[in-house]
Amino acid sequence: MASIHRISTRSDFSRTLKKGVRVSSRDLQLTVSVLPAQWPDPTGCRIDIASSGGPWLGMIVSKSVGNAVMRHRVARRIRAAFDEVRDECLTETSVVVRALPSAVSVSSDELAAQLRKALRSGKVRRLVDTGAESTTTAQPLTGVECRTGAS
């Protein structure tokens, strides 16, 4: 998986975990968030989001999964599984996957099946449908001044 498809900043992780919907499977817990396509979006200014190259994947593989070798093995399997199902996600989708300890003994194919099932769940479909509607019907905010990062 290319690095452009990875969530790497704390703010992107936090945004996805706070604003996204949670879906659980046997070995994984997913949090999915759809970013608005407009600038500025109806909820405020999107000044710190680089929105090219999605969907994005972030992983949380804690020490409860195992030692470093086991955690890296699980992370590689999750990345391979996400590669298989990435085409089923919207371009503007952020996905954070939390590996549960049972993920150590699961193959990449089984993880891909669990990811696919979780991404097709009703919660995620409703989120995607409302995200698609908001990008087509929402109007940009007027009179809102966005910070550009330069003072």
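**Exercise 1. Find the partner of R86 in a salt bridge, and state how exposed that partner is.**

Step 1. In this predicted model, the side chain of R86 meets that of D83 in a salt bridge, with 2.9 Å from N to O; a salt bridge here is a side-chain nitrogen of Lys or Arg within 4 Å of a carboxyl oxygen of Asp or Glu.

Step 2. D83 has a relative accessibility of 31% and therefore counts as partly exposed, since buried means under 20% relative accessible area, exposed over 50%, and partly exposed in between (1.4 Å probe, protein chains only).

Step 3. Two points on the source apply throughout: the model is predicted, so local features need pLDDT of at least 70 and side-chain atom pairs count only at pLDDT 80 or more, whereas totals for chains, interfaces and linings use all residues. Residues are numbered from 1 along each chain as its sequence is written, and side-chain values use heavy atoms, with hydrogens and water left out.

**Exercise 2. Determine which parts of the chain the salt bridge between R120 and E88 ties together.**

Step 1. The closest N and O atoms of R120 and E88 are 3.5 Å apart, and the two residues form a salt bridge.

Step 2. R120 lies in the loop between α3 (108-119) and α4, while E88 lies in the loop between α2 and β4 (93-99), so the pair ties together parts that are 32 residues apart in sequence. Helices (H or I, at least four residues) and strands (E, at least two) are DSSP runs, numbered from the N terminus.

Step 3. Both ends of this pair count as partly exposed, R120 at 48% relative accessibility and E88 at 39%.

**Exercise 3. Work out the surroundings of I78, and say whether I78 is buried or exposed.**

Step 1. I78 is found in helix α2, which covers residues 68-85, and with a relative accessible area of 0% I78 is buried.

Step 2. Residues up to four places away in sequence are not counted, and I78 then touches L28, L57, M59, V97, A99, L111 and L115, where contact means heavy atoms within 4.5 Å.

Step 3. For M59, which is 19 residues away from I78 along the chain, the C-alpha atoms of the two residues are separated by 8.1 Å.

Step 4. L57, one of the residues touched by I78, has its place in strand β3 (residues 56-60) and counts as buried at 3% relative accessibility. The C-alpha atoms of L57 and S3 are separated by 9.5 Å, although these residues are 54 residues apart along the chain.

**Exercise 4. Compare the places and contacts of T16 and S33.**

Step 1. T16 lies in helix α1 (residues 10-19), whereas S33 lies in strand β2 (residues 28-34).

Step 2. T16 is buried, with a relative accessible area of 2%, and S33 also counts as buried, at 6% relative accessibility.

Step 3. Setting aside residues up to four places away in sequence, T16 touches I7, T31, S33, S94 and V96.

**Exercise 5. Summarise the overall architecture and the burial of the protein.**

Step 1. The protein has four helices and four strands, which follow the pattern α-β-β-β-α-β-α-α when read along the sequence.

Step 2. Of the 151 residues, 36% count as buried.

Step 3. Among the contacts with a separation of 6 or more, residues 24 or more positions apart account for 79%.
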